[in-house]
Amino acid sequence: MNRKKVILIVLDSVGIGALPDAADYGDAGAHTLRHVVNACHTRIPYLMKLGLCNIEGAGFGETQPAPIAAYARMREVSAGKDTTTGHWEIAGVKLDQPFPTFPEGFPAAFIEAFEARTGRGTIGNYPSSGTAILDQLGEEHMKTGKLIVYTSADSVFQIAAHEEIVPVDELYRYCELAREMLQGELGVGRVIARPFIGTPGAFVRTGRRRDFSMPPPRNLLDALSSAGLTVFGVGKIEDIFCHRGLTGSNHASGNPACIEATLRSMEEDYSGLLFTNLVDYDMLYGHRNDVQGYSDALEAFDRKLPEIYARMNAGDMLIITADHGCDPTHPGTDHTREHTPMLCYQKGIGKGVDLGTRATYADISATILDFFDLDNPFTGTSFLEETR
């Protein structure tokens with residue numbers, strides 16, 4: 001077998017315009033890329049050269065007369081707008097029912113049972129941004145040792161604890177207990193450990209966050225690894241897929257570290273999938289309505305593209321996409337229900353191919369399976385032949 005890789009990079013939350021049902025989610029008019037790029041005059045020449053601005057409905061930057069990649073607008077068909085749902089659909093899984101959310105907090109009976117299992121009290125139990133709740137409850141947590149629990153508009157149960165009060169391994173154990181308990185009607189997409197450090201007024205979340213996701217159905221990662229191919233995850237991919245289907249991973253934290261981990265993995269000799277999530281767009285900028293920070297992060301990734309190209313072998317494929325939107329100009333701080341961009345680059349192949357608006361994110365999974373000459377037992381339609 002000729003050695004060849006698919007490098008699949010998810011720019012977490014980099015949406016490209018509201019989906020037809022966005023109003024049902026309160027997201028009418030959302031367009032993460034257009035609003036960020038036009039507000040900040042973002043300089044992303046390499047992404048533009050790939051064809052980012054040629055995608056249907058883009059409305060920003062300069063269209064290219066001869067893009068070097070195939071390009072498309074991806075439509076999410078699963079119900080929801082969260083990280084888990086988006087990544088699972090990219091991997092061929094369609095969810096008919098969204099993960100449950102808890103805008104009024106979690107039921108008292110669950111909280112009482114959780115406290116009994118952990119032996120610790122809790123404070124919070126309401127929707128909040130991760131930084132705001134530390135300002136509100138961090139000092140009380142340090143005085144009492146009670147765990148800060150909270151949620152958001154997403155399907156998450158989050159536990160924040162100061163690393164000097166609750167050792168990180170102990171926090172992880174509490175999250176594992178919560179994951180075990182949150183099933184059925186309480187089956188949130190993710191339980192998230194949110195360790196932090198610092199003093200009142202100057203609390204800082206650390207890079208030792210960890211997600212405990214609902215186990216996914218069989219998907220692209222399982223199919224590839226079962227076929228003897230390498231499946232290497234970078235960033236929070238291992239958490240999103242509960243380590244399922246992965247043959248290796250690097251839980252790097254933050255865009256710069258994840259990009260460097262991706263470049264290192266590209267130099268290794270294997271055939272298979274290199275699956276990277278770049279979380280900072282979502283975590284640091286989208287949820288905090290930081291338009292300039294979002295723009296700066298897009299520019300930083302764009303500057304690394306020549307290094308990514310340089311490490312690609314002749315038979316490799318690069319796919320750049322996203323999992324949902326998080327428009328930092330939109331009211332509130334939640335994810336936004338958007339199309340996502342898709343850029344598919346192979347050296348000397350597929351230049352300027354407009355793949356239109358695809359019916360599902362899962363077309364990416366179908367294409368990757370096709371690339372490795374494997375049958376597609378999941379949803380989605382391959383666009384591989386169209387790129388050639």
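This is a predicted model: local features need pLDDT of at least 70, side-chain atom pairs count only at pLDDT 80 or more; totals for chains, interfaces and linings use all residues.

Trainee: Which secondary structure elements does the chain contain?

Mentor: The chain comprises 13 helices and 14 strands. Its C-alpha trace spans about 60 × 45 × 35 Å along the principal axes.

Trainee: Let us turn to a single helix. Which residues of α1 are buried, and what covers them?

Mentor: In α1, residues 32-40, the buried ones are T32, L33, V36, V37 and C40. They lie on the same side of α1 because they cover an arc of only 100° around the axis. Their cover includes α11 (291-311) and β13 (340-345). Just after the helix, H41 takes a positive phi of about 50°.

Trainee: Where are the buried and the exposed residues of α4?

Mentor: The buried residues of α4 are F110, I111, F114 and T118. These cover an arc of only 100° around the axis, which puts them on the same side of α4. The face turned away from that buried side carries the exposed residues A108, A109, E112 and A116. Covering the buried residues of α4 are elements including β3 (122-127), β4 (147-151), β5 (156-162) and α6 (168-181). Just after α4, G119 takes a positive phi of about 75°.

Trainee: How should I read a nonpolar core? Which members of the largest one touch the most other members?

Mentor: The largest nonpolar core has 48 residues, and L50, F301 and L318 touch the most other members. Helix α11 provides the largest share of this core, 8 residues. A second, separate core of 40 residues includes L8, I90, I364 and I368.

Trainee: What does L50 contact beyond its neighbours within four places in sequence?

Mentor: With those neighbours set aside, L50 is in contact with P67, I68, A69, Y71, L305, Y309, I320, L343 and Y345.

Trainee: For contrast, where does G57 lie, and is G57 buried or partly exposed?

Mentor: G57 is found in the loop between α2 (45-50) and β2 (70-74). Its relative accessible area is 35%, so G57 is partly exposed. Leaving aside neighbours within four places in sequence, G57 touches I16, H31, R34 and R73. A distance may also be read from this residue: the C-alpha atoms of G57 and Q158, 101 residues apart along the chain, are separated by 35 Å.

Trainee: How many aromatic pairs are there?

Mentor: In general, a pair of aromatic rings is described by the distance of the centres and the angle of the planes. The structure holds 13 such pairs. The rings of W88 and F99 have centres 5.6 Å apart and planes at 75°, so this pair is edge-to-face. Because W88 lies in helix α3 (residues 83-90) and F99 in the loop between α3 and α4 (108-118), the pair ties together parts that are 11 residues apart in sequence. Both W88 and F99 are buried.

Trainee: What is the geometry of the pair Y281 and Y294?

Mentor: Their centres are 5.6 Å apart and their planes are at 40°, so the pair is tilted. Y281 lies in helix α10 (residues 280-286) and Y294 in helix α11, so the pair ties together parts that are 13 residues apart in sequence. Y281 counts as buried, at 0% relative accessibility, and Y294 also counts as buried, at 0%.

Key: Residues are numbered from 1 along each chain as its sequence is written. Side-chain values use heavy atoms; hydrogens and water are left out. Buried means under 20% relative accessible area, exposed over 50%, partly exposed in between (1.4 Å probe, protein chains only). Helices (H or I, at least four residues) and strands (E, at least two) are DSSP runs, numbered from the N terminus. The arc is that of the directions from the helix axis to the C-beta atoms. Contact means heavy atoms within 4.5 Å. A nonpolar core is a set of buried Ala, Val, Leu, Ile, Met, Phe, Trp, Tyr and Cys residues joined through side-chain atoms within 4.5 Å. Rings of Phe, Tyr and Trp (its six-membered ring) pair if their centres lie within 6.5 Å; planes under 30 degrees apart count as stacked, over 60 as edge-to-face and the rest as tilted.
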